[in-house]
Amino acid sequence: MTNRPTTAFALFAAMLMSGLPIASHAENLKGTGEVVVATAGGAFEEAQKKAWFEPFTRDTGIKVVTVPSSAKLLASAKLGQPEADVSNINGGEVPTWIENNALEKLDYSYFSKETLAGVPDFMRGEYGLGSFYYSVVVAYNTVKFPKEHPNNWVDFYNVNAFPGKRTLPNCDLMLYGALLEGALIGDGVPKVKLYPLDMDRAFAKLKEIKPYVGRWWATGADAPQSLIGGEVDMAAAWNGRIITAKKQGAPLQLSWDQSLLQYDDWIVLRNAPNKNNAFKLLAYISQAEAQAAFAEAIPYGPVNKDAFKLLPKELAEILPGAPGIVEEQIVQNYDWWVQRGADGRTNYDVALERCTAFLAQ
């Protein structure tokens with residue numbers, strides 16, 4: 001493996017350093033005024049500023065103003081008086097915003113043909129646009145498993161072949177920790193037949209593994225910490241947490257086999273005062289060059305497949321959604337989770353009630 005970036009990436013880096021526009025159609029996106037973005041802050045916001053917001057302002061003349069994302073954002077959009085023009089939310093939350101009439105339809109006429117060709121169809125929704133990928137993976141401690149190790153959910157649930165304690169997400173993180181999906185795949189359900197989820201079968205499998213669960217994690221940091229501290233030997237975990245801990249010297253490894261591919265979406269809030277600038281921002285940051293810059297700044301997978309051609313090999317091969325990885329992954333079906341039954345409750349509502357009762361036993 002070489003540490004040298006590809007020729008394409010070297011050219012991209014040179015463009016950044018020289019201050020040249022990285023947008024192939026930046027002229028079409030030029031404008032005035034501002035666009036207000038609600039963001040989560042911290043390292044995530046710093047990466048957004050570095051890869052997306054500052055270059056966008058440089059190339060278009062439109063100022064990006066960031067405000068903290070909060071629970072009040074949805075309420076303000078429902079009232080038609082949004083606190084921001086655009087925000088980044090989990091893809092599973094978009095249907096709820098649609099139900100509350102809180103979103104604007106996205107205008108893809110601002111996007112170049114090259115950008116649209118690079119973004120998969122399922123990431124280009126009427127109201128939500130894919131922002132980046134992340135994944136729930138099977139991870140393990142390499143001291144416990146120096147040679148033979150768990151590779152997927154089938155191995156994770158095989159306590160005879162791979163003895164030791166496990167950690168799984170608690171009920172609050174049941175959806176985003178892929179608790180039910182992992183259990184069903186571990187019980188032998190083929191990925192093409194995973195949805196609709198068989199809740200009875202999933203909870204039956206969880207009942208089998210429950211005596212071997214050392215921790216039901218409540219935050220993303222819990223999984224790697226439990227592995228490092230020896231509390232557990234393998235974990236359902238978010239890939240970024242494991243990769244970061246590994247870079248810091250922790251004896252951890254992950255497998256992409258049967259991992260759940262998840263994503264965040266961009267949304268434009270109803271009655272956004274800077275709606276057109278919001279569409280221009282989304283068109284700009286969805287380009288391959290901007291997507292690659294974000295992956296360089298923070299290890300999330302770019303949704304524009306052409307971005308992987310611009311990344312160093314050693315980075316591209318550890319990102320969810322990358323060629324060679326995505327073929328092993330299963331896209332989490334957020335639409336199924338928000339479907340409502342005859343009683344008006346969503347599948348998530350039903351599963352959460354069952355999960356809470358299950359852990360209380």
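Reader: Which residues lie nearest the centre of the second largest pocket?

Author: Some ground rules come before that. This is a predicted model, where local features need pLDDT of at least 70, side-chain atom pairs count only at pLDDT 80 or more, and totals for chains, interfaces and linings use all residues. Numbering runs from 1 along each chain as its sequence is written, and side-chain values use heavy atoms, with hydrogens and water left out. A pocket is an open set of points on a 1 Å grid over the protein atoms alone, where a 1.4 Å probe fits, with protein on both sides within 12 Å along at least five of seven lines; lining residues have an atom within 4 Å of a point. Now the case: Gly92, Thr96, Tyr176, Val338 and Tyr348 lie nearest the centre, out of 15 lining residues.

Reader: What volume does the second largest pocket have?

Author: A volume is the space filled by probe spheres set on the grid points, which are joined across faces, edges and corners. Here the value is about 330 Å³.

Reader: Which element gives the most to the lining of the second largest pocket?

Author: Elements are DSSP runs numbered from the N terminus: helices (H or I, at least four residues) and strands (E, at least two). Helix α4 gives the most, with 4 residues. At least two residues each come from α4 (94–99), α14 (334–338) and α15 (347–360).

Reader: What is the volume of the largest pocket, and which residues are closest to its centre?

Author: The largest pocket has about 900 Å³. Phe132, Tyr134, Trp238, Arg241 and Tyr300 are the closest to its centre, among 31 lining residues. Elements giving two or more residues include β4 (129–141) and α10 (239–247). The largest share, 5 residues, comes from α10. The lining of the largest pocket splits into 16 nonpolar, 12 polar and 3 charged residues.

Reader: How many salt bridges does the structure hold?

Author: A salt bridge puts a side-chain nitrogen of Lys or Arg within 4 Å of a carboxyl oxygen of Asp or Glu. The structure holds 16. Take aspartate 187 and arginine 201: their closest N and O atoms are 2.7 Å apart. Aspartate 187 lies in the loop between α7 and α8 (199–209) and arginine 201 in α8, so the pair ties together parts 14 residues apart in sequence. Aspartate 187 is partly exposed at 28%. Arginine 201 is partly exposed too, at 33%.

Reader: What links Asp187 and Arg201 with Lys205 and Glu208?

Author: A network of salt bridges. Within it, lysine 205 meets glutamate 208 at 3.3 Å, N to O. These two sit 3 residues apart in helix α8, about one helical turn. An α-helix has 3.6 residues a turn, so residues three or four places apart point the same way. Lysine 205 is buried, at 10% relative accessibility.

Terms used: Nonpolar A, V, L, I, M, F, W, Y, C, P; charged D, E, K, R; others polar. Buried < 20%, exposed > 50% of the residue type's maximum accessible area, 1.4 Å probe, protein only.
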